[in-house]
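Please have the viewer ready and follow along.

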Amino acid sequence: MPAAEGGRLKRKTYERALHKLQVQLCHLQTWVRATGARIIIVFEGRDAAGKGGTIKALTERVSPRVFRVVALPAPSDREKSQLYMQRYLAHFPAAGEIVIFDRSWYNRAGVETVMGFAGEAEQRRFLELCPQVERFITGSGIQLIKFWLEVGRQEQKRRFEARISDPLRQWKLSPMDLESYRRWYDYSRARDAMLAATDTDDLPWYVVRSDDKRRARLNCIAHLLHLIPYKEMEGEPVTLPKRCKKHAYDDTLRDRRFVPERY
């Protein structure tokens, strides 16, 4: 695929490729509905790795009733007293659904471990049990797909600096993000421990290089489509019916308060 100067993918090239992939995502959506498939997609990665943009590209042309995004906040006091996986299980897919976790139960292996919210024993127990739990999930007929987005040190620095200077992106920069930037190598160790324990032949992690966000999105979506055995399904032809004029009346909203047309 041709690149722009500096190795970045040109916008027009990206948009053409993304359109083709999004058409296939619509075919996937039809197949999921028709077959009652249940799919979970987990997105993890470093802060500023591009998870949000990838999820947006994945979901912007499909129905939120089929492609459901779950981004849970920090657990409440009640949730902290539950089984660790309990609050995630409540969001698992029913028939005909794809659930996308924007961060997931792997918080225990990442941010909770690095920031001290979970102790070493809790991390170790999670990493021991996680493959067993995930096999239980897939054994019930759910397809589980796990993506790790990996951004380099210099590119992460550039993205954080861009957030600082852009008022439209400052909301993305939390105190936790700044601390994650400081603790780069702690996160590296936590990532490597997680991959060593949970990247298995039957439940693999797929690592996406994300220094070029456009390439990352395309590569991720293309690989997702490759992993799901969907088929393009022909739908019934659709024609617009004639409008019924039996109860016709003047429906032009006379004398109502319209928004001023400033643009």
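Over the face of which residue does R46 lie, and at what distance from the ring centre? The answer is W184, with R46 3.5 Å from the centre of the ring. Please keep in mind throughout that this is a predicted model.

## The chain as a whole

Let us step back for a moment. The protein chain has 10 helices and five strands. Along the principal axes, its C-alpha atoms fill a box of roughly 70 × 45 × 45 Å.

Of the 263 residues, 41% count as buried. If we take contacts between residues at least 6 apart in sequence, 78% of them join residues at least 24 apart.

## Charges over rings

At Y84, the charged end of R108 sits over the ring, 4.0 Å from the centre. Y84 also belongs to a cluster linked by ring pairs, together with Y88, F92, F101, W105, Y106, F126 and W205.

## Inside the aromatic cluster

A pair of aromatic rings is described by the distance of the centres and the angle of the planes. The count for this model comes to 13 aromatic pairs. One of them joins Y88 and W105, whose ring centres are 6.0 Å apart with 80° between the planes, an edge-to-face arrangement. Y88 belongs to helix α4 (residues 86–89), while W105 is in the loop between β3 (97–102) and α5 (111–114), so this pair ties together parts that are 17 residues apart in sequence. Y88 is buried because its relative accessible area is 2%, under the 20% cut-off. W105, at 0% relative accessibility, counts as buried too.

F92 and F101 make another pair to look at: their ring centres lie 6.1 Å apart and their planes meet at 70°, so this pair is edge-to-face. Both of these phenylalanines are buried.

## Helices α1 and α10

Now turn to helix α1 (residues 11–35) and helix α10 (residues 213–227). Their axes are 10 Å apart, and the two pack at an angle of about 25°. Angles under 35 degrees count as roughly parallel, and α1 and α10 are therefore described that way. The crossing in which α1 passes α10 is left-handed.

Which residues bring the two helices together? From α1 come R11, Y14, A17, L18, L21, Q24, L25 and L28. On the α10 side they meet R214, R217, L218, I221, A222 and L225.

## Helix α2 and its neighbours

Helix α2 (residues 51–59) has K51, T54, I55, A57, L58 and T59 as its buried residues. What do these residues pack against? Their partners include both helices of the previous section, α1 and α10. The strands β1 (38–45), β2 (67–70), β3 and β4 (143–150) are partners as well.

## A proline in helix α6

Finally, find P131 in helix α6 (residues 120–139). With a relative accessibility of 10%, P131 counts as buried. Leaving aside residues up to four places away in sequence, P131 touches A197, T198 and L203.

How far apart are P131 and T198 in sequence and in space? They are separated by 67 residues in sequence, yet their C-alpha atoms are 5.9 Å apart.

Methods:
Residues numbered from 1 in each chain as written. Predicted model: local features only at pLDDT ≥ 70, side-chain atom pairs only at ≥ 80, totals over all residues. Heavy atoms only, no water. Phe/Tyr/Trp six-rings, centres within 6.5 Å; stacked < 30°, edge-to-face > 60°. Helix = DSSP H or I, 4+ residues; strand = E, 2+ residues; numbered from the N terminus. Buried < 20%, exposed > 50% of the residue type's maximum accessible area, 1.4 Å probe, protein only. Lys NZ or Arg CZ within 6 Å of the ring centre and 35° of its normal. Axes fitted to C-alpha atoms, helices over the stretch in contact; angles between N-to-C directions. Parallel < 35°, antiparallel > 145°, perpendicular 65-115°, else oblique. Left-handed = near helix turned anticlockwise from the far one by under 90°. Contact = heavy atoms within 4.5 Å.
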